[in-house]
Amino acid sequence: MTAWAVVVAINDYGSGKGLSQLAGAVADAEDMADWLLHPGGGGVAPQHLWFWTYPAPASPGPLLQAALNASPIWPHGGPDFTRAPTGNEIRTLLGELAVQACTEGTDRLYVYFAGHGAHTDPVSTIIDNQACFIAGDFHPRAQAESLVGAEFIRMAMQRFGPAEVILIMDCCRTPLSRLEPDPPGIGRSIMRRDVNLGVGIGLAAARDAIAYETPRVTPTRGAFSKVLVHGLRNLRSRGSLSVAQLETFVRLGIQSLVAPDIQVPSIEIRPKDYNLLLAQGPPLDPHPELLVDLSARPAGEAILMQRPDLSTQTLVAGPLPHILAEPIGLFSFEIPGQDPIIRPHIGPERTHVVLT
Amino acid sequence: MSSSPSEQRVDLTVRGGPGVRISVTDASYAPVEEGTNSLRLLLRPGSYAVHFSLAGLAETQLVHLRAGDSPRTISRAQSLSSIEKSQASPTTAGAADSLAEWPTKLVQSAPIRRPLKIDRGLNLALGVLGADPGIIAAVSGSVAFVDGTATDSSSKVGIELSSEIESHFDGFKYFAATPGAAGLRFTAGSRRKLEQTVHIFRERRVFVLLRYAPFYEMERSGDHYRRRSRLGVDPTLTLVVSAPPDAQMPSDEVLNLGEALIHALRNPRRGLDPSLLEAVAATDCPYLRLYAATLAVVSLERNLKTPDVSLKDWLAGVGGMPWLMRMLSELVQPLAEQGSADAAIILNEARWHLAGHDRPLHLFAAPPMLDPCWCWLAAQSVSQPSLIPSRGLFLKAAKGREAAGPWLVWNHGRASRGPSLARISPEQLQSMVHQLLDVMKVREDAGSSGANSYDEVGKLSRSTQEILKAAWMLDELEGSNMQAESMAHLLGAPAAMLQDRLGQALKEITPLEMT
């Protein structure tokens, strides 16, 4: 399968715009790009990654560095890492790239955004309200031009995009003033091609809600991207990863990162019945660690742990914790005389399970 | 011969409630089963994640099944609507500041389950829905009911305020209202004074539940802008439901379904789940019926206009057009007979879409409650201009209409005077729409980014910008067959106003073409 990708992230929108400085958007983009470029991940060739972040990635990994060296040119020039891309630059790229990918028989196009976002509320029920990524030319008096709308991308891709398109937006969906015009469309004059089979759309938060960064005190990542990319890299069931599987994983995983706040992401496919496989093959990373602390239990007590694959292991209570490398999934612990305790093991950090 | 523990199956029943979608995944998060309302599964021992969702709201529960377990049942732990509120709860500093205004704006809240005796004749209850659905707060003084059919600002107040009971115990204010259209006036977070219709049905107690939410705006401070927030009524989140005339509160099911349907009407992309339609048909709340029927027709209309969604599949899923038409008639025909403008408009629209029937001329006493119904009425006014009279509330709604999610809300402070709107033939309108399109095409063909250029469009009036937006959208959906009716529908503008707006837009755009 051949795949191309567009990755855009903005930490810094400049001062005086009412948009706060973000800590994790560029790091999220780097992580996503690493997965996209991995042969066992997205399988995107370095020359087919359109990558633009502001600021530039601080310490790109070898795969991303190779891609930056082979970076393709954007229609209006760029990437220019001294500034953030504008809404028009992004929309133009998406329109032209979709056509080009289609023409060259590319199977899949990934589109990833991280930064600030908004949600529109148009007058008519015929036009969808939509989640939007806010590009670098945002101005509080003229917001619409900087918006890149998820629904407009979907409509464009279904009209003239390649066979499969996966769109990910890690940004808030705070409500946009109803006085704002809708964001501009994408490729309105481009002829319909009817090549597209399905579009997957991953959104970080529910409508009108906030997408958080993590950790809470000194954030370094977007919670959604962190869990999502980890799932893309390592979550597998019989060697593959489906949209439904990833959505459940991300929904559960994100809660552990943003609690006590609530963030409800979604991943949907259009049309609904299209079977979109997100990844195939073995996990890319070693299993994350699972630490089970049984020190509060009577010494010598045997507790049965069941893994996601239903295999079991007996853990004996003692003063030292059990530290195990385990696949991600739901683990259950049976303490004699009690109902089983279920704990999600999400990763990539160590999961702490304390049984009292 | 007994089977090994791993081959045994445990009987698991999952109950989500009407319209709730359920998906079950195994311990590796791999999908096991999906369904709606409830599921009964025979599962291998192990851990499972059960995911409930309804119109974009969601909840996940984990369950562990052991070999030899007796049949298990799990249900939604809480109202899905409360999850929506939690996730949408503001957490930014500005919002937190504005929330500090609550104690001064609202009287004491209390759990709603107090055994109050409210006179049966007090058939209209007004309250503020809090973050927890079990809590109702009283509205501030800026909300009132007026005669919903009043023709000008000097009209008498249709509901005697002396009959109002302000209860500090259950948070509601009660009114005695005459069945028919009542006008709800309130001040929104934007500080605009808005008005909408609430239809009062006979033999029902109507509960109008407002929500306060932070309203954001950018404020200039020297060379910088800063975000300001203020708390006020968010009309998009208003919920109107009903209960029997002596009930103290609508049932949880009615509240949940109402919330889900209003949410779906705000975001109709997913269309209507047929099982939700059936669940609503089993209730006796007229408002749920109006919401569900509107959503069904909106879904139908979107399927007709948006080529990537299959009308055929959608209709096959609900049992075909005859089933849908029967269901819609069952839902709203009795309400149309009680004078509900929304119900009559929904039926007209459905019959026109589904069976190709002509839409009969109905004259209504007041504008409808729901915005999609107003838009259908506006479209119909292209061929039947008298449907929207150029006076009274209809004129106010036409001139001052504001988008407020599923509700038709208008700015009642906007002048209702002015020239009577002239009649225009559908052919004249059609010609103006195509003239507008031609101007745009010339500009696009000339190689400029044309009206897509923000710099140019940004200089145009807001009304013209809206018309251009609508024209682009319709050009995509209908191409050269674009109808004036569609334009009226999309803009929610009655025929006579559409003529006026198209004329002004053409005047503004044509000079641009010459440059």
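A:Asp285 and A:Arg233 form a salt bridge, with their closest N and O atoms 2.9 Å apart. The model is a predicted one, and everything below should be read with that in mind. A:Asp285 sits in the loop between β14 (277–280) and β15 of chain A, while A:Arg233 belongs to helix α5 (residues 223–234) of chain A, so the contact ties together parts that are 52 residues apart in sequence. The two partners do not fall in one exposure class: A:Asp285 is partly exposed, at a relative accessible area of 28%, whereas A:Arg233 is buried, at 15%.

Over all chains, the structure holds 21 salt bridges. As a general point, side chains of opposite charge can pair when their charged atoms come close. One of these bridges runs between the chains: B:Arg66 meets A:Glu334, and here the closest N and O atoms are 3.3 Å apart. B:Arg66 is found in the loop between β6 (57–65) and β7 (72–75) of chain B, and A:Glu334 in strand β19 (residues 329–334) of chain A, so this pair joins two chains. Both ends come out as partly exposed, B:Arg66 with a relative accessible area of 26% and A:Glu334 with 25% relative accessibility.

Chain B has a salt bridge of its own between the side chains of B:Arg211 and B:Glu259, at 2.9 Å from N to O. This one links distant parts of the chain, with B:Arg211 in the loop between β16 and β17 (212–221) of chain B and B:Glu259 in helix α4 (residues 252–266) of chain B, 48 residues apart. B:Arg211 counts as buried at 8% relative accessibility, and B:Glu259 is buried too, with a relative accessible area of 8%. Back in chain A, salt bridges also join up into a network that links A:Asp28, A:Asp31 and A:Arg221.

Now for the rings. The structure holds seven aromatic pairs over all chains. Among them is the pair of A:Trp4 and A:Trp50, which is tilted, at 5.5 Å from centre to centre and with 40° between the planes. A:Trp4 comes from strand β1 (residues 3–10) of chain A and A:Trp50 from strand β2 (residues 44–54) of chain A, so the pair ties together parts that are 46 residues apart in sequence. Both tryptophans, A:Trp4 and A:Trp50, are buried.

A:Trp35 and A:Tyr110 make another pair: their ring centres are 5.7 Å apart and their planes stand at 85°, so the arrangement is edge-to-face. That label follows because planes over 60 degrees apart count as edge-to-face. Distant parts of the chain are linked here as well, since A:Trp35 is in helix α1 (residues 25–37) of chain A and A:Tyr110 in strand β3 (residues 108–114) of chain A, 75 residues apart. A:Trp35 counts as buried at 1% relative accessibility, and A:Tyr110 does so at 6%.

Two elements of chain B are worth a look for their burial. In strand β19 (residues 239–243) of chain B, five of the five residues are buried, so the strand is largely enclosed by the rest of the structure. Side chains in a regular strand alternate between the two faces of the sheet. In β19(B), B:Leu239, B:Val241 and B:Ala243 point one way, B:Val240 and B:Ser242 point the other way, and all are buried. Strand β16 (residues 205–210) of chain B pairs with β19(B) in the antiparallel sense, over five bridges. B:Ser242 of β19(B) is the bridge partner of B:Val206.

Helix α15 (residues 484–491) of chain B goes the same way: eight of its eight residues are buried, so α15(B) is largely enclosed by the rest of the structure. The buried residues of α15(B) include B:Glu485 and B:His489 as well as B:Met487, B:Leu490 and B:Leu491. After α15(B) comes B:Gly492, with a positive phi near 60°.

For an exposed position, there is A:Ala299, with a relative accessible area of 73%. A:Ala299 has its place in the loop between β15 (289–293) and β16 (302–306) of chain A. A:Ala299 and A:Val316 are 17 residues apart in sequence, and their C-alpha atoms are 7.6 Å apart in space.

How values were computed. Residues numbered from 1 in each chain as written. Chains lettered and ligands numbered in written order. Predicted model: local features only at pLDDT ≥ 70, side-chain atom pairs only at ≥ 80, totals over all residues. Heavy atoms only, no water. Buried < 20%, exposed > 50% of the residue type's maximum accessible area, 1.4 Å probe, protein only. Helix = DSSP H or I, 4+ residues; strand = E, 2+ residues; numbered from the N terminus. Phe/Tyr/Trp six-rings, centres within 6.5 Å; stacked < 30°, edge-to-face > 60°. Pairing = 2+ DSSP bridges. Salt bridge = Lys/Arg side-chain N within 4 Å of Asp/Glu carboxyl O.
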